[in-house]
Amino acid sequence: MAKMDKKWIILCSTAIAAIYTAGYVSTGDQAVASIQPNQQVQMDIPSNGNQSNQNWQSGNVTENSQSHSIYQDGIYVGMGSNRRGSIEVTVTIQNDKITDVEIRNHNMHYPQYYTDGLPDEVLQSQSARVQNVSGATYSTDAFKDAVQDALNQAQIS
């Protein structure tokens, strides 16, 4: 029985380590991506008494090259559809930011007021990622697809 217990302990320990590692890897990338150019960053690097290590404890993060725009300024029309209908939106881009989103044409099974709050969410998130509207999943999905379609058109290749 003791041999079986050891196998379970090893198996469970390995599973926990794998889950921890996967979480660390996925959130580590997000943490690095969230650092903005010229942002002060406190880095906790253990010092071994060497002066060069102490110089790394705080500093500016700067981009090596000029900042590159993702989007071209303009007003873009995007379309999203599924088996419950379609939604057409206009997305306005200025200085690489989404400045306005409007539902232009709403031909979904449910009324437009279900999705009226979604343009504001796009402005906040600066992406097509929005919270799902309970009871109007198809409308939400069509809206997301429409915004993403507009953003794809605005992308600089």
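Tutor: Before we start, helices (H or I, at least four residues) and strands (E, at least two) are DSSP runs, numbered from the N terminus. This is a predicted model, where local features need pLDDT of at least 70 and side-chain atom pairs count only at pLDDT 80 or more, while totals for chains, interfaces and linings use all residues. Residues are numbered from 1 along each chain as its sequence is written, and side-chain values use heavy atoms, leaving out hydrogens and water.

Student: Okay, how many helices and strands are in the chain?

Tutor: The chain has four helices and five strands. Along the sequence they run α-β-α-β-β-β-β-α-α.

Student: Where does Ser86 sit?

Tutor: Ser86 is in strand S4, which covers residues 85–94.

Student: Is Ser86 buried or exposed?

Tutor: Ser86 is buried, at 14% relative accessible area. Buried means under 20%, exposed over 50%, and partly exposed in between (1.4 Å probe, protein chains only).

Student: And what is Ser86 in contact with?

Tutor: Skipping neighbours within four places in sequence, Ser86 has contacts with Met79, Gly80, Ser81, Asn105, His106, Asn107 and Met108. Contact means heavy atoms within 4.5 Å.

Student: New topic: how many aromatic pairs are there?

Tutor: Rings of Phe, Tyr and Trp (its six-membered ring) pair if their centres lie within 6.5 Å; planes under 30 degrees apart count as stacked, over 60 as edge-to-face and the rest as tilted. That rule gives two aromatic pairs. Tyr113 and Tyr114 make a stacked one, 5.0 Å centre to centre with 20 degrees between the planes.

Student: Which residues do ring pairs link into a cluster?

Tutor: Tyr110, Tyr113 and Tyr114. Tyr113 is exposed at 57% relative accessibility, whereas Tyr114 is partly exposed at 30%.
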